[in-house]
Amino acid sequence: MISIFQNYGSTLLYGLGQTLLCSIIALVFALVIGSGFAILEVVPNKFLRVIARVYIEVFRNIPLLVITMFFYVVIPMYIVEISGFASGTIGLILYSSAFIAETVRSGIQSVDPGQMEGARANGLTFWQAMRYIVLPQAFRYVIPPLGNQFINLVKNSSVLAFVAGFDLMYQGNVIASDSLQSMSTYLCVGVLYLILTLPLSYYMRYLEKKLA
Amino acid sequence: MLTVLGAYSWINIRFLLEGAWVTILVSVCSIILSYIFGVILGIIRYVEIKYVSAIVGFVIDIIRNLPLILIIFFTYFGLPNIGFKPDPIWASVIAMAVFESAMVAEIVRAGIVSIPTGQMEGARSTGMTYWQALRYIILPQAIKNMIPAIVSQFISLVKDTSLATIIVLPDLMNHAQIIYGQNTNYTIPMFLALSVMYFIVCYSLSLLSQYLDHRLGTAKKSGEVEEVVQGAER
């Protein structure tokens with residue numbers, strides 16, 4: 001294991017950086033898109049609600065790999081050339097945003113409906129009430145589950161290995177076939193993933209206990 | 001247009017269905033294995049046997065925080081280094097079972113924790129031993145609470161079997177790739193078929209989970225379980 005770190009340390013670190021980069025980009029976009037669809041799911045307009053429902057159910061029930069491969073194979077064939085990293089990140093954004101939407105929606109619905117009614121009665125419009133009254137309360141409630149979604153996102157970013165995204169998992173495969181020491185290579189890769197996810201996971205557990 | 005429709009010829013559909021069969025086979029095998037091991041590990045983690053529970057808990061945490069793809073690679077390419085060579089189907093079943101048992105164990109632990117302590121105290125005070133109380137009083141209630149969460153976990157298991165194409169498991173995803181690899185005109189129809197097939201399986205499981213939630217009257221309680229469960233995908 002130590003020899004793997006010595007010989008291929010820079011490659012592994014580059015992969016770690018790509019994984020982190022992809023995860024952060026995907027997190028930001030998935031958070032924005034996911035919250036958008038979560039709000040659409042609770043607006044009075046039935047048409048918008050149906051659209052949001054369909055989006056969430058479709059992307060929640062199709063494997064991440066299928067979404068990613070679609071962007072890797074089909075989009076370059078007919079529309080525009082995109083790199084493996086980009087297609088992997090887009091797939092990750094679409095997939096995660098559906099889960100984040102579901103999380104945020106449950107947060108919004110856990111806020112007492114009286115809050116919205118009170119705000120409306122005070123003369124705020126629906127969107128103002130959403131923006132200033134409901135969402136701030138909902139987000140405090142959903143921070144621990146959102147953290148868990150972020151952990152999942154970091155783990156799911158390993159799907160970039162399928163589409164030549166040069167992430168940690170991809171570099172791990174390259175090193176494994178180069179060094180012929182698959183077992184210790186994958187152990188190294190595992191340790192690096194744990195460095196990203198395990199502290200986050202324990203912090204979320206602490207946060208959950210504290211907020212509960 | 002005709003070239004596109006050719007993608008759905010009987011030969012291709014049959015080939016896809018063969019792939020779907022492997023997907024279902026692998027899913028069912030790993031569901032059964034991970035349910036058995038998950039419940040056992042979850043109980044061990046809950047009952048706090050000295051040292052054993054702490055070690056089991058730590059191992060569960062580690063497995064839950066690793067990507068499934070890494071575990072699949074490790075099983076298929078890593079284990080032969082120490083002389084164990086599973087074929088793709090067994091490698092994916094083992095990898096899925098290991099990963100999902102850790103997930104299920106966490107759900108089971110959360111389910112047991114969600115039962116009020118008065119249940120255990122009441123059972124003990126009527127003369128039951130600790131294990132009897134666990135077996136006849138706590139677990140039946142806990143399992144009822146956590147069934148929706150477990151079904152959700154199995155939905156992500158079905159989706160995750162697609163990751164095993166990377167070790168050439170001849171599943172749905174792999175067969176679709178073979179078909180559109182032979183004729184690029186078939187790419188979009190194949191992705192459509194893939195999406196529809198996975199969607200049907202996963203969405204019906206998701207409806208089942210909602211139905212069970214409703215039927216068992218656990219909507220509120222299973223929400224509590226899901227809150228305690230870390231990293232559950234839904």
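Guide: Helices are DSSP runs of H or I with at least four residues and strands are runs of E with at least two, numbered from the N terminus. This is a predicted model, in which local features need pLDDT of at least 70 and side-chain atom pairs 80 or more, while totals for chains, interfaces and linings use all residues. Residues are numbered from 1 along each chain, with chains lettered from A and ligands numbered from 1 in written order.

Visitor: How far apart in space are Asp112(A) and Ala138(A)?

Guide: In sequence, 26 residues separate Asp112(A) from Ala138(A). From C-alpha to C-alpha, the distance in space is 9.9 Å.

Visitor: How many nonpolar residues does the contact of helix 3 of chain A with helix 4 of chain A have?

Guide: Helix 3 (residues 64-78) and helix 4 (residues 84-110) of chain A pack at about 140°, with axes 8 Å apart (lines fitted to C-alpha atoms over the stretch in contact, angles from 0 to 180 degrees between N-to-C directions). The contact (C-beta atoms within 7 Å) includes Leu64(A), Phe71(A) and Ile75(A) of helix 3 of chain A, and Gly84(A), Leu94(A) and Tyr95(A) of helix 4 of chain A. By class (Ala, Val, Leu, Ile, Met, Phe, Trp, Tyr, Cys and Pro nonpolar; Asp, Glu, Lys and Arg charged; the others polar), this contact has no charged residues, five polar and, for the class asked about, eight nonpolar.

Visitor: Which element of chain B gives the most to the side of chain B that touches chain A?

Guide: Chain B contributes 33 residues to the contact and chain A contributes 35. On the side of chain B, 19 residues are nonpolar, 10 polar and four charged. Two or more residues come from each of helix 3 (52-64), helix 4 (68-78) and helix 9 (187-215) of chain B. With 10 residues, the element that gives the most is helix 9 of chain B.

Visitor: What percentage of the residues of chain B count as buried?

Guide: The C-alpha atoms of chain B fill a box of roughly 75 × 45 × 20 Å along the principal axes. Among contacts in chain B between residues at least 6 apart in sequence, 77% join residues at least 24 apart. Of the 234 residues of chain B, the buried share is 48%.

Notes. Two residues are in contact if their C-beta atoms, placed from the backbone, lie within 7 Å. A residue is buried if 20 or more other C-beta atoms lie within 10 Å of its own, exposed if 12 or fewer, and partly exposed in between; C-beta atoms are placed from the backbone.
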